[in-house]
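I opened this notebook to record what I looked up, entry by entry.

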Amino acid sequence: TDQRKGRINRRGTRARGLLAVRCRRPQPAARPPAPSHNYASQTVAAPDATAASRCTRRRPPLTPAAQPQRRAAMIRGVPQLQRLVVRYCPHGGSSRGARAFVFEEFAKFAEANPAVECRSELGRGKHPVVRGSYVWGDDKVLDAKNRSSADVLRMAEVLRNSSGRKMLRFEKPVVSA
């Protein structure tokens with residue numbers, strides 16, 4: 001269908017403008033067992049508070065002690081990442097984690113990586129992105145939409161630890177001795 005006219009949804013009607021996104025509802029907490037007639041002998045455990053907030057798709061973030069520490073990617077002693085730019089919206093909901101990263105953790109990241117020029121940009125009405133510019137002139141852009149500040153920090157570390165070169169596809173099988 002034509003984008004100017006809108007998309008056709010499941011009901012067969014056209015939806016104009018932005019489409020609403022369904023949010024995942026937390027699973028209901030387990031109900032305590034029904035009380036019996038003898039109230040004195042029965043103890044009812046409180047429902048598990050984490051059962052309502054448990055999500056099956058996401059894994060819990062690694063603690064800093066469990067994460068392996070990697071150094072910045074260097075070729076012949078030259079750090080490959082030149083510039084790191086975090087673009088975020090000052091009022092958008094999808095930029096919540098990027099804003100928290102910029103205001104709380106970005107200065108620490110910049111102090112720990114003095115060879116990298118760290119900047120933040122306002123992109124009003126735009127989703128947040130983390131962009132890394134490398135020595136070879138290539139850019140890598142990672143989408144930070146609806147991510148937490150720890151995820152945005154992890155994205156910045158991924159960009160710092162990569163060389164910036166494009167991935168090569170091997171036509172012949174790789175045989176190691």
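Which strands does helix H3 (residues 149–161) lie across? I found that H3 lies across E5, strand E7 (129–134) and E8, running at about 15° to E7. Helices (H or I, at least four residues) and strands (E, at least two) are DSSP runs, numbered from the N terminus. Angles run from 0 to 180 degrees between N-to-C directions, with axes as lines fitted to C-alpha atoms, for helices over the stretch in contact.

I noted the basis of the entries. The model is predicted, with local features needing pLDDT of at least 70 and side-chain atom pairs pLDDT 80 or more, while totals for chains, interfaces and linings use all residues. Residues are numbered from 1 along each chain as its sequence is written, and side-chain values use heavy atoms, leaving out hydrogens and water.

I next looked up the sheet. Four strands form an open, mixed sheet in the order E6-E5-E7-E8; two strands pair if DSSP finds at least two bridges between them. Strand E6 (117–122) and strand E8 (139–143) are at the edges, each with a single partner strand, so one side of each lacks a neighbour in the sheet. The twist averages 15° from one strand to the next.

I then followed one pairing. Strand E5 (residues 81–88) runs parallel to E6, joined by six bridges. Leucine 84 has cysteine 118 in E6 as its bridge partner. Helix H2 (residues 96–112) packs on the sheet and touches E5 and E6 (contact: heavy atoms within 4.5 Å); the direction of H2 makes about 160° with that of E5.

Finally, I searched the whole structure for disulfides (cysteine sulfur atoms within 2.5 Å) and recorded zero.
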